[in-house]
Amino acid sequence: MALTVGYEVDEGVAVLSLQNPPVNALGIALRRDLLAAFETALADRSVRVIVLIGQGKLFCAGGDISEFGKPFKAPWVPELFNTVEQSTKPVIAAIHGAALGGGMELALACHYRVCEARARIGFPEVSLGLLPGAGGTQRAPRLCGAETALELMITGKSVAAGSGAARVFFDLIVKEGLREAAMTFAQRLVEKGLPVRRTRDARNGLKDAAAYQTAIAKWRKRLGKGGAEAPGEILRCVEAAALLPFDVGMAFERAAFDTLEQSETSRALRHVFFAENKVAKIPEAKAGHARALEQIGVIGGGTRGAGLVALSLMAGFEVVLVEKDAPSLARALTRLRRLLDRAVSRGQLSALRRDGIEALLHGKTDMVALSEADLVIVAAGGDALEQGQIFAQLDAVVKDGAVLASASPFADIGALAERTGCAEDVLGLHFSLPTQMSDLVEVAVGPASGADAVVTATTFARKLGKVPVRVLGVPGRIGGRLMAAYQAAADRLVMSGALPQEVDRAMRRWGMALGPYQLADVMGLERVLARQEECGHDRRVALLRALIKDGRLGRKTSKGWYRYDADGGRVDPEVAAMIASLRGQTGGGSFPDESDIQRLCLAAMANEGARMVEEGHVMRPGDIDVAMIRGFAFPRWRGGPMQAADSAGLLSLRNLLRTCAQDGDAFWRPVNLLDDLIKNGRHFSDLNG
Ligand code: COA
């Protein structure tokens, strides 16, 4: 029998077990093997009932996502499932672990379903910009009605099979002993002579027509007019399930699936799925072992430091916070308490836990208190000199094997490591702000950082619920450099004729939560200037400097790029006048339109990202995409800047950069990697491995 599906017959029951690690995805090999095993079972006269079961950690995680967007190979998933449903012998799905997407659709095509109560079921396709396209939108509502089907398919969330409305899909729910339960169930079917029971003929979910229509209307209202395509298509398909004969509904579902599958949004979301899996694959993971982590030290209780302390406490670590003197420590503790209170109000922390959590905290003013810490994060010391001094002092107090991390985005990890006698334990841990809200931690690896230290740091980041992305420990992290490039592009557009509000509007319409100038006002213009200078944009910040000189520091001074009052921000004619005066000195006046704005901002970010890949600063373009989505609110459905550049066309972006570089500013020159990719007809996505 074939490799990806096991076949055995036990007292008239054929057991077909899916064996396609790691998640029994329905790739071509498994589909062929399943069909062959099925035909064998149907042809075998001794077989009365067929049981489908999964091996490994789960039943089936659905279609093989890497096959989407490519020409399909027979047997086609919906046809395979129809074959299962049309079986003349009863088919039972036995579900453990999870049945997701196509896995759940396979179960629905079976005649009976047995499951473990804790198994997760769901339709996550929507998170890939897709819908359940193998009969899910037609079969599920026939069993559970429109409300449950839409809730599962539009939110994409999985639920426990034994809980609430999910129970309706199952004939038997067991705590454990799934295989035995499924075999007993099969024997009972034989004894009672129970027939096949096709979901396509089920009516239970459709019989309350009014409730069905109410659910459709409710979700239609909730989705509104705009929004993503997939939820709207799911709604239409579930509506069609009640209106159309099954086979016509299947064709309706198929047409909708095909359209979504070819969409740029789905391509981008599929890219993000794999990029997020790959980002965890770092060379140190092979050789390194995570060290035990109980006590975390944080030096500096400013915005970043206090955020780190709060996160560490919430994750259950004991924390030693060190500040330079008692007043600074008192301020840091006030900041920390505010953060914890905010976490309670957001529901991230229970009020009960909040009250007990400070027992895990030790606020100190002497570094000696860090002697027992397993990991010390230096969130103080603005410049390289100060950080170097702190690392030298730390070296004298920490225990052997403690990992020492700089939280500064501009730290040179190699240089810091040289100030200590434990270079292999030194690295960078750069948390994006606001630490509580952002998912990203850039793990900066120096020339001497050891595998154990890197694995310990990434493990720590994951325990805080963050996504660690590995970068080289030289100054400048992914987010800082790309956001600086984005800002440089925006400023160039403004200097050449656009207004800040036009740039902001264009980028919001492109998908960014805030335009670059709105964001600058939130961050504070001085911080933006510091970042631009650190990233080498000194000669591109004349406008920014002029605003700061005029006392425009952003929202905190009620004026920056915009003017603020109780009603929010509005365009400030004074800013327009300042821009006009500066433009007068430098030329300008080409009036870029919305698509020019979007393309230049994207080109600048992608070129900077390509520079980081070329320099070996990041391992893959996909890592940049993950970092920008998780840390800098880049729209997930665009797939990140590198994927968006692939979609926009590398050639046209390179030509745009070349035009900008004509004024001699090297920043705009397309990096060699971009030229190489274009020459070889390749894309950034080809470099993700
Ligand atoms: N198709 C192809 N590959 C898949 C896959 C799928 N449906 N689901 C998971 N994988 C791959 C992952 O990319 C990963 O590959 P890698 O080891 O090369 O990195 C591997 O399987 C393990 O997945 P991972 O996510 O690390 O395992 P997990 O135990 O943390 O989570 C799942 C398991 C099933 C919950 C999770 O993988 C998942 O949500 N998968 C997607 C399910 C889905 O969207 N199905 C609908 C498809 S239309």
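Here are some notes on local features of this predicted model.

1. Ground rules. Residues are numbered from 1 along each chain as its sequence is written, and side-chain values use heavy atoms, with hydrogens and water left out.

2. A helix pair. H17 (residues 478-495) and H23 (residues 594-614) pack at about 145°, axes 8 Å apart. Helices here are DSSP runs (H or I, at least four residues) and strands are too (E, at least two), numbered from the N terminus. Axes are lines fitted to C-alpha atoms, for helices over the stretch in contact, with angles from 0 to 180 degrees between N-to-C directions. On the H17 side the contact (heavy atoms within 4.5 Å) includes Ile478, Leu482, Tyr486 and Arg492; H23 brings, among them, Ile597, Leu600, Met605 and Glu608. The tally is 13 nonpolar, 1 polar and 5 charged (nonpolar: Ala, Val, Leu, Ile, Met, Phe, Trp, Tyr, Cys and Pro; charged: Asp, Glu, Lys and Arg; polar: the others, Gly among them).

3. Charges over rings. Arg492, one of the H17 contact residues, also lies over the face of Trp668, 5.1 Å from the ring centre. Arg222 does likewise with Trp219, at 4.5 Å. The criterion is NZ of Lys or CZ of Arg within 6 Å of the ring centre and within 35 degrees of the ring normal.

4. Thr456. This residue is found in helix H16 (residues 451-463). Is Thr456 buried or exposed? Buried, because its relative accessibility is 1% (buried means under 20% relative accessible area, exposed over 50%, partly exposed in between, with a 1.4 Å probe and protein chains only). Leaving aside neighbours within four places in sequence, Thr456 touches His289, Ala290, Arg291, Leu293 and Val403.

5. Cis prolines. Worth a look: the Ala74 to Pro75 peptide bond is cis, omega near -5°, and Pro75 lies in the loop between strand S3 (49-54) and helix H2 (77-86). Leu433 to Pro434 is cis as well, omega near -10°, with Pro434 in the loop between strands S15 (426-431) and S16 (440-445).

6. Asn24 has phi near 55° and sits in the loop between strand S2 (13-18) and helix H1 (28-43); at 1% relative accessibility, Asn24 counts as buried. Ser558 has phi near 65°, in the loop between helix H21 (542-549) and strand S18 (562-565), and is partly exposed at 36%.

Conventions. This is a predicted model: local features need pLDDT of at least 70, side-chain atom pairs count only at pLDDT 80 or more; totals for chains, interfaces and linings use all residues.
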